[in-house]
Amino acid sequence: MRALAKLAHEEGLTLVERPVPEPGPGEILVRVEAASICGTDLHIWRWDAWARGRIRPPLVTGHEFSGVVEAVGPGVKRPQVGDHVSLESHIVCHACPACRTGNYHVCLNTEILGVDRDGGFAEYVVVPAENAWVNPKDLPFEVAAILEPFGNAVHTVYAGSGVSGKSVLITGAGPIGLMAAMVAWASGAGPILVSDPNPYRLSFARPYADRLVNPLEEDLLEVVRRVTGSGVEVLLEFSGNEAAIHQGLKALIPGGEARILGIPSDPIRFDLAGELVMRGITAFGIAGRRLWQTWMQGTALVYSGRVDLTPLLTHRLPMSRYREAFGLLASGQAVKVILDPRA
């Protein structure tokens with residue numbers, strides 16, 4: 001089979017030939033039909049400081065993908081051969097304190113597909129059976145491939161007191177920020193403001209936002225106050241940008257909620273007393289998806305048609321054109337790029 005792998009401690013990936021793996025006890029073999037490139041894959045491609053500290057080549061990358069169950073290992077009763085599945089990328093231990101208290105999304109021993117073990121940029125991949133989410137067979141594979149990152153957005157929007165009837169500021173209009181705008185809009189939030197310096201990506205939020213803000217052209221805080229009269233009740237932070245995080249916290253009304261998924265490249269400084277404590281802000285750190293609550297919430301939105309993810313699928317390319325695909329993502333002129341492993 002063909003696979004896209006990190007073979008050396010350097011920039012880029014390589015298209016390689018690998019034997020088709022066999023599922024062991026508790027595992028399934030998935031024939032990958034669609035794989036999506038995400039920001040983590042771009043870090044691995046660039047071989048930046050994070051990747052150098054985490055990735056151990058050789059490794060088949062990719063953790064957003066969907067496909068068909070081709071075979072099952074001993075002891076597997078569900079899913080069954082022929083099922084169409086999305087994959088939860090976090091493999092958890094079930095034994096640490098987090099897992100034992102139901103917080104599998106912050107398992108102390110998490111392994112991530114395509115990061116800590118071979119992932120889905122391949123024609124076939126072996127994964128734990130428990131990581132498969134069975135979809136209706138009429139759900140397009142491209143949509144199924146991005147249910148995993150969609151779960152990050154759902155987790156962020158529904159954390160704390162939710163967003164229904166609340167004013168919301170979304171900082172960062174990358175794929176997950178755009179998905180969050182969709183979820184917030186479908187869940188009765190308003191007004192919704194979305195901020196990002198990339199006009200191309202920001203434009204995708206237009207159907208789901210009351211106001212778009214390019215912070216390079218407008219004062220975000222002034223816009224928030226004009227639209228809301230005071231500030232927003234909920235901040236959904238996806239940018240990981242230090243300036244955006246400060247602006248977002250300042251845009252909150254006292255007693256508001258900050259839900260932060262964006263991860264800065266380096267440690268940042270902020271005024272703990274002035275920006276958080278003395279204003280009574282509740283801050284949530286959002287990691288992955290709650291297993292399996294978030295999958296139930298997210299797929300309910302997608303299966304019912306309340307959220308349509310297809311506008312975010314901006315490019316579909318054969319895996320043989322992976323250099324072009326990564327270039328599109330790096331340029332900021334794409335939202336979700338789907339690879340076809342067999343083309």
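The model is predicted. Its largest nonpolar core has 53 residues, and another core, of 38 residues, lies apart from it. The structure also holds seven aromatic pairs. The second largest pocket has about 180 Å³ of space.

**Nonpolar cores**

- In soluble globular proteins, nonpolar side chains tend to be buried together.
- The helices are H3 (97–100), H4 (141–145), H5 (147–158), H6 (175–186) and H11 (293–303). The strands are S11, S12 (192–195) and S14.
- H6 gives the largest share of this core, eight residues.
- Phe 150 contacts Met 179 and Val 183, and also Gly 298, Leu 301, Val 302, Val 307 and Leu 309. This list leaves aside neighbours within four places in sequence.
- The separate core of 38 residues includes Val 30, Trp 45, Phe 65 and Val 125.

**Aromatic pairs**

- A pair of aromatic rings is described by the distance of the centres and the angle of the planes.
- The rings of Trp 45 and Phe 326 have centres 4.6 Å apart and planes at 15 degrees, so this pair is stacked.
- Trp 45 sits in helix H1 (residues 39–46) and Phe 326 in helix H12 (residues 322–331), so the pair ties together parts 281 residues apart in sequence.
- Both Trp 45 and Phe 326 are buried.
- Ring pairs also link Trp 45, Tyr 322 and Phe 326 into a cluster.
- The rings of Trp 133 and Trp 292 are stacked too, because their centres are 5.9 Å apart and their planes lie at 20 degrees.
- That pair links distant parts of the chain, 159 residues apart. Trp 133 belongs to strand S10 (residues 132–135), while Trp 292 is in the loop between strand S16 (282–285) and H11.
- Trp 133 has a relative accessible area of 18%, so Trp 133 is buried. Trp 292 has 27% relative accessibility, so Trp 292 counts as partly exposed. The cut-off for buried is under 20%.

**Helix H9**

- H9 spans residues 242–251. Its buried residues are Ala 244, Ile 245, His 246, Gly 248, Leu 249 and Ala 251.
- These buried residues pack against helix H8 (220–228) and helix H10 (272–276). They also pack against strands S11 (168–171), S14 (232–237) and S15 (252–260).
- At the start of H9, a side-chain oxygen of Asn 241 comes to within 3.0 Å of the backbone nitrogen of Ala 243.

**Second largest pocket**

- Rolling a probe the size of a water molecule over the atoms shows where empty space is left.
- The lining of the second largest pocket includes Ile 245, Leu 249, Ile 260, Gly 262, Pro 264 and Ile 268. Phe 270, Leu 276, Ala 283, Phe 284 and Gly 285 also line this pocket.
- H9 and S16 are the elements that give two or more residues to the lining.
- S16 gives the most, with three residues.

**Ala 49**

- Ala 49 is found in helix H2 (residues 49–54).
- Its relative accessible area is 55%, so Ala 49 is exposed.
- Ala 49 and Ser 265 are 216 residues apart in sequence, yet their C-alpha atoms are 9.0 Å apart in space.

Methods:
Residues numbered from 1 in each chain as written. Predicted model: local features only at pLDDT ≥ 70, side-chain atom pairs only at ≥ 80, totals over all residues. Heavy atoms only, no water. Buried < 20%, exposed > 50% of the residue type's maximum accessible area, 1.4 Å probe, protein only. Helix = DSSP H or I, 4+ residues; strand = E, 2+ residues; numbered from the N terminus. Contact = heavy atoms within 4.5 Å. Polar contact = N/O pair within 3.5 Å; in protein donor to acceptor, adjacent residues only side chain to side chain. Core = buried A, V, L, I, M, F, W, Y, C linked by side-chain atoms within 4.5 Å. Phe/Tyr/Trp six-rings, centres within 6.5 Å; stacked < 30°, edge-to-face > 60°. 1 Å grid on protein atoms, 1.4 Å probe; cavity = no way out; pocket = protein on both sides within 12 Å on 5 of 7 lines; lining within 4 Å. Points joined across faces, edges and corners; volume = space filled by probe spheres on them.
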